[in-house]
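Me: I'd like to learn how to read this model. Can we start with the surface and work inwards?

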Amino acid sequence: MIKQLVKRTLSTSAGWALSAPLRARGVSVLMYHRVTQPGELFPGTELGRFRAQMQWIKRNCTVINPDQVLEYAGNGSRTRPPVLITFDDGYRDYHDRAYPVLQELQMPALVFIATSFMDNGGMIWTDELPWAVATTKMASVAALPWDRSARFDLRQTGERNAYLRQSKRYLKDVADAERQRWLNQIFSELGVAGRQHELERQMLSWDEIRATMGLTYYGGHTHTHPIMSQLGSAELDSEIRICRDRMLAETGVAPRYFAYPNGRAADFNDESKVVLRKYGFDLAFTTVEGVNGRGANPMELRRMPTGAANLGDFAWLVSGRG
């Protein structure tokens, strides 16, 4: 209860100003994915909440662009701390919902795209899996293709969510080709194989990317969204090179910023950084949480997830307390 009171106080302009001496210097990088409307299939930050968060940031912080991250790391103001706004994956709702809010407030953002989805459509597997579970007509399913020890009742929300959690946890830790084999088996068992085309386009088009470049910096996120530490040298080089080349061809700008797919410390390695540097990427962002202070590693920048339920929680997050 006391912590929630502190958070609510922190979300006010007076409370934020009073807490300034307690904040560490550094850049908070906020990580968004989707901006949603109520009742939609995929989770994200609801549009009204996103607008309120952006208005709060505008009042209380200094919004920076990616070229300023290292300059402000360790040197930013405590009163109006520097914040970089990022979006992963390149969802269509960035163009339709997030960008109009950012444009209204004149706030830049950095969007990371996996270029194969702009070229060919489709969905990232982490979206395909919940879509399959949400749309299947199967009442129950074997726990996992790789573990037949139990069954899940997909009519029960708790069991459905448990099935998704266990599947994602396992699939994130296997090689890309093996992951696709398991996914194909899951889709077959759920009776949704080949039905992905029924879903409305989820990812940005190149035209939408070009239309939002006024305030948007675009960065790479590989070509097909594999976990980079699981790739061989040739595959790693290809994923980064094709991503760079497609972005340059379609936007006229060679990308200099990158986000590691999944982004845990185990999901990238020293070879990943070497190849990124080879193709002109200067900054790389993880999903490891924290504020980027003095001496921040430009190829291992930290970010904050943005699932805050209210402005008090959001202010607490931006302050670096997570």
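Reply: Accessible areas come from the Shrake-Rupley method with a 1.4 Å probe, and for residues only the protein chains shown count as cover. Here the protein chain exposes about 14100 Å², with carbon and sulfur atoms supplying 51% of it. Keep in mind that this is a predicted model: local features need pLDDT of at least 70, side-chain atom pairs count only at pLDDT 80 or more, and totals for chains, interfaces and linings use all residues. Residues are numbered from 1 along each chain as its sequence is written, and side-chain values use heavy atoms, with hydrogens and water left out.

Me: What does the radius of gyration say about the protein chain?

Reply: The radius is taken over C-alpha atoms, and the globule rule is 2.2 Å times the number of residues to the power 0.38. For 322 residues a compact globule would come out near 20 Å, and the protein chain has 20 Å, which agrees. Its C-alpha atoms fill a box of roughly 55 × 50 × 35 Å along the principal axes.

Me: How many helices and strands does the protein chain have?

Reply: Both are DSSP runs numbered from the N terminus: helices are H or I with at least four residues, strands are E with at least two. The protein chain has 13 helices and 12 strands.

Me: And what share of the 322 residues is buried?

Reply: Buried means under 20% relative accessible area, exposed over 50%, and partly exposed in between (1.4 Å probe, protein chains only). In the protein chain, buried residues make up 50% of the 322.

Me: Is helix α13 mostly covered or mostly open?

Reply: Mostly covered: seven of the eight residues in α13 (311-318) are buried. Among them are F314, W316 and L317. For the cover, think contacts, meaning heavy atoms within 4.5 Å. What covers the buried residues of α13 includes α1 (2-10), α3 (47-60) and β5 (82-89).

Me: What caps the N-terminal end of α13?

Reply: N310 does, with a side-chain oxygen 3.0 Å from the backbone nitrogen of G312. Just after α13, G320 takes a positive phi of about 100°.

Key. Polar contact = N/O pair within 3.5 Å; in protein donor to acceptor, adjacent residues only side chain to side chain.
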